Amino acid sequence: MATRSNKKAKATGKTASPHGHGAPAPEPPKRSFVKGLVESFRYTRRTLGMVWRSSPKLTVALATLTLTGAMIPPLIAWAGKRIVDAVVAHDKDVALHWVLIELALVAFSATNTRSLSLTTSTLGSRLGTDINVEILERATKLSLSHFEDSEFYDKMSKARREASSRPLSLVRESFSLVQSVLTLIGYGALLVRFSGLIVVVLMVATIPATIAEMRFSKTAFRLRNWRSPDARRLIYYEYVLANDEHAKEVKLFGLGSLFLGRYKELAEKFHKEDTKLAIRRTIYGHLLSMIATLSFYGAYAFMAVLTALSKLTLGSMTMYVLAFRSGQQAFQSILSGIGSMYEHNLYMSNLFAFLDQSTEGETQEERKVATSTSTSTSTPTSTSTSTSTSTSTGIVLDHVSFTYPGAGKFVLEDVSVSIPQGQSVALVGQNGAGKTTLVKLLTRLYEPTSGRILLDGRDLREWDEEKLRLRFGVVFQDFNQYQLRVRENVGVGSVTNMEDQTRLERAVTRGGAEPVVSGLASGMDTALGRWFQDGVELSGGQWQKIALSRGFMREEADILVLDEPTAALDAEAEYAVFERFRELSKGKTTFIISHRFPTVRMADRILVLENGHVVEDGTHAELVLAHKTYARLYEMQARGYQ
């Protein structure tokens with residue numbers, strides 16, 4: 001089932017088409033085939049290391065079984081020759097002896113094959129889990145800005161798409177390649193006694209089909225990478241049509257045919273592209289493989305003629321035919337293995353590009369931050385000096401600006417504010433004024449584009465992120481509705497105290513969720529949401545009370561933030577929540593974002609944001625008397641209650 005994170009995946013490309021499909025990302029520059037082949041194989045060694053780390057024992061077992069399997073086919077061919085020669089010589093004892101030997105070899109081969117299959121399956125399961133964990137660990141260390149970037153989702157989607165299968169397939173092909181080489185050497189040793197020319201024909205005849213297959217593998221890879229944004233868009237349409245959270249609007253507004261039409265359009269586009277490539281791949285592959293088939297039957301005819309002329313024994317002919325056919329297949333397997341490894345390496349490049357570029361991106365960000373810090377601290381203005389020294393405890397925003405990467409407009413611009421410890425601050429402004437962005441900067445979910453933020457005299461970038469965030473208790477308007485039990489929905493507010501029943505009950509009471517919990521059949525152990533069996537769906541207001549309780553779980557936090565988390569509550573219920581919040585947060589620094597002025601006026605201080613700037617700063621009474629933006633908004637809302 002899709003997760004809630006799917007909702008936040010960016011469904012747009014670089015430019016929007018009339019249908020909202022967006023233009024796909026540009027194709028990567030083309031390289032020469034040989035250069036591309038050499039570069040692509042550089043991931044094999046790194047992938048082998050990844051597999052080894054997952055399970056050294058299983059990796060050794062896989063290598064041993066693969067290489068052991070390489071020795072058996074030539075021995076079976078030799079045993080077949082001895083059987084035929086013994087039959088022609090009417091020597092039943094020798095014939096029976098070699099039949100038993102061949103039986104033993106075949107039985108050993110079957111056991112080896114079964115063991116190899118079991119080892120591959122077990123190692124694949126282990127490796128798939130380890131790689132997905134590594135990808136998700138990387139995701140947890142990325143900044144919020146990564147998750148608001150559509151290109152990031154492309155990288156992650158490509159990395160995760162086949163992360164569980166490609167690494168093992170690459171390693172398996174590597175061992176199979178060695179197996180085929182050893183098998184070919186064995187067959188070659190048999191054939192060279194007959195004709196060295198036959199060995200050359202065996203090798204050359206399979207090359208054209210293999211080169212064609214490698215080229216088509218690269219084409220398929222480039223096609224899938226190029227259309228990655230549309231592939232995510234296809235998943236998004238499927239999610240909207242089949243998810244309970246969208247079902248109401250889809251039915252009410254009749255969106256089913258619209259999104260289903262877009263889904264069909266993209267799916268048909270993919271089908272046509274894939275079919276066209278598959279047809280070309282099949283035709284070229286078939287025609288070129290006929291070269292190998294014709295070469296085999298040419299050699300077969302030559303051996304048959306020699307045997308008919310008594311220049312070759314029937315047993316030798318049987319062995320040579322088997323050796324030639326199997327040897328040709330082994331050589332084709334070698335070339336096919338190289339082609340498969342090439343293809344697997346291409347897909348592994350997506351995984352390593354995600355892991356490596358993410359690390360590189362973070363390093364660049366840290367370097368940018370360090371430069372910004374150095375600049376702002378080495379050349380402070382008189383304003384920043386007086387601001388930063390005006391308080392040793394509390395929060396200071398020193399000429400802070402923020403803009404999203406690639407965006408020209410500032411969300412916040414040159415904001416300088418000092419907030420003493422223990423002060424209650426309300427943030428007021430129209431939607432898009434920068435209120436939530438300011439909160440995300442304070443909690444270091446974003447890094448300032450320029451300027452700095454100080455907490456107790458230290459730049460936020462000098463704080464350990466985990467320790468910093470433990471000081472904050474935050475409830476956002478777009479809080480998560482976890483498909484978990486009530487106690488877990490509340491408890492995630494303080495993971496280390498999830499099992500503390502007393503704290504859970506206090507949080508539920510403080511968040512105003514006590515009536516909600518008491519009305520549930522299983523109380524705190526009731527599963528919430530409809531994704532799993534016996535889950536109970538709550539109303540918007542009930543979910544908000546659960547989210548508020550989650551925020552009150554973090555009792556040690558000395559900075560509390562409520563970012564419009566009560567939007568689904570009526571005015572009276574919201575006022576009660578904030579009244580209780582004010583009582584519980586005495587002595588703590590608090591930030592309140594709300595559009596309801598009876599709540600706003602409860603704060604010690606009000607900051608009015610407009611177009612990314614703090615345009616007013618003062619108490620409710622002071623701002624009303626100033627007759628500016630705050631007074632105008634207050635009067636507009638007051639008239640609505642008359």
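Author: Start with exposure. Buried means under 20% relative accessible area, exposed means over 50%, and partly exposed lies in between (1.4 Å probe, protein chains only). This is a predicted model, where local features need pLDDT of at least 70, side-chain atom pairs count only at pLDDT 80 or more, and totals for chains, interfaces and linings use all residues. Residues are numbered from 1 along each chain as its sequence is written, and side-chain values use heavy atoms, with hydrogens and water left out.

Reader: How do I read an aromatic pair, and what kind do Tyr630 and Tyr634 form?

Author: Take the rings of Phe, Tyr and Trp (its six-membered ring). They pair if their centres lie within 6.5 Å; planes under 30 degrees apart count as stacked, over 60 as edge-to-face, and the rest as tilted. Tyr630 and Tyr634 are stacked, with 6.4 Å from centre to centre and 0° between the planes.

Reader: Where do these two sit in the chain?

Author: Both belong to helix H25 (residues 629–640). Labels follow DSSP: helices are H or I runs of at least four residues, strands are E runs of at least two, and both are numbered from the N terminus. Tyr630 and Tyr634 are four residues apart, so about one helical turn separates them.

Reader: How many aromatic pairs does the structure hold?

Author: Six. One of them joins Tyr404 and Tyr446 edge-to-face, at 5.7 Å centre to centre and 85° between the planes. This pair links distant parts of the chain, 42 residues apart. Tyr404 lies in the loop between strands E1 (394–402) and E2 (412–420). Tyr446 lies in the loop between helix H16 (435–442) and strand E4 (450–455). Tyr446 is buried at 2%, whereas Tyr404 is partly exposed at 31%.

Reader: Which residues form the aromatic cluster around that pair?

Author: Phe402, Tyr404 and Tyr446 form one cluster.

Reader: What lies over the face of Trp463?

Author: Arg458, at 4.5 Å from the ring centre. The test is geometric: NZ of Lys or CZ of Arg must be within 6 Å of the ring centre and within 35 degrees of the ring normal.

Reader: Now sheets. In what order do the four strands of the open sheet run?

Author: Two strands pair if DSSP finds at least two bridges between them. Here the order is E2-E1-E4-E5, with antiparallel pairing. E2 and E5 (458–459) are the edge strands; each has a single partner, so one side of each has no neighbour in the sheet. E4 and E5 are joined by two bridges.

Reader: Which strands does H16 touch?

Author: H16 packs on this sheet and touches E1, E2 and E4. Contact means heavy atoms within 4.5 Å. The direction of H16 makes about 120° with that of E1. Axes are lines fitted to C-alpha atoms, for helices over the stretch in contact; angles run from 0 to 180 degrees between N-to-C directions.

Reader: What is the strand order in the six-strand sheet?

Author: E6-E7-E8-E3-E9-E10, with mixed pairing. The twist averages 15° from one strand to the next. E9 (605–610) and E10 run antiparallel, joined by five bridges. Ile606 has Gly618 in E10 as its bridge partner.

Reader: Back to single residues. Which backbone atoms does the Thr526 side chain reach?

Author: A polar contact is a pair of N or O atoms within 3.5 Å; within protein, one must be able to donate a hydrogen and the other to accept it, and residues adjacent in sequence count only if both atoms are side-chain atoms. The Thr526 side chain reaches the backbone nitrogen of Ser522 at 3.2 Å and the backbone oxygen of Gly523 at 2.9 Å. Thr526 sits in the loop between helices H20 (514–518) and H21 (540–552). Its 5% relative accessibility makes Thr526 buried. Beyond four places in sequence, Thr526 touches residues including Leu484, Arg485 and Val486.

Reader: And Gln483: buried or exposed?

Author: Buried, at 14% relative accessibility. Gln483 lies in the loop between strand E6 (472–475) and helix H18 (486–491). Leaving aside neighbours within four places, its contacts are Leu528, Gly529, Arg530, Trp531 and Phe532.
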